[in-house]
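Please look over the sequence and the model shown here before reading on.

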Amino acid sequence: MIKIEVLRDGDRIVSISSKGHAGYAEKGEDLVCAGVSTVLFGLMNALDELSKQITLEKKKNSLYIRSDIDDQAINAYLRCGYIQLKTIEEVYPEYIQIEERSSK
């Protein structure tokens with residue numbers, strides 16, 4: 001299962017982290033992993049173009065995005081990624097789980 005953690009500060013998304021594998025299909029044919037990876041890598045690439053002050057980390061089986069900048073454009077990108085991940089979770093709830101926490 002892919003576990004996504006979203007950290008919020010009010011309406012602002014502070015971070016999105018992802019760990020694990022979906023286990024939907026064999027490696028190389030797993031549509032859920034491919035979908036989540038596409039959303040998160042696309043988000044990381046877009047945010048990297050917007051600001052160098054955003055933390056972007058890739059490790060084996062995990063991705064981490066964090067923005068301590070209170071910027072409307074950056075938050076819009078993070079919200080868009082979050083909505084895309086929620087859509088995947090709605091269709092494949094046994095393979096992806098999103099947990100939201102408040103930073104306060």
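This is a predicted model: local features need pLDDT of at least 70, side-chain atom pairs count only at pLDDT 80 or more; totals for chains, interfaces and linings use all residues.

Residues are numbered from 1 along each chain as its sequence is written, and side-chain values use heavy atoms, with hydrogens and water left out.

Reader: Are the helices α1 and α2 roughly parallel or roughly antiparallel to each other?
Author: Helix α1 spans residues 31–50 and packs against α2 at an angle of about 180°, with the axes 10 Å apart; helices here are DSSP runs of H or I with at least four residues, numbered from the N terminus. Axes are lines fitted to C-alpha atoms over the stretch in contact, and angles run from 0 to 180 degrees between N-to-C directions. Angles over 145 degrees count as roughly antiparallel, and therefore α1 and α2 are roughly antiparallel.

Reader: Is N75 buried or exposed?
Author: N75 is found in helix α2, residues 72–91. Buried means under 20% relative accessible area and exposed over 50%, with a 1.4 Å probe and protein chains only. Because its relative accessible area is 14%, N75 is buried.

Reader: Is Q72 buried or exposed?
Author: Q72 also has its place in helix α2. Since its relative accessibility is 75%, Q72 counts as exposed.

How values were computed. Helices (H or I, at least four residues) and strands (E, at least two) are DSSP runs, numbered from the N terminus. Angles under 35 degrees count as roughly parallel, over 145 as roughly antiparallel, 65 to 115 as roughly perpendicular and the rest as oblique.
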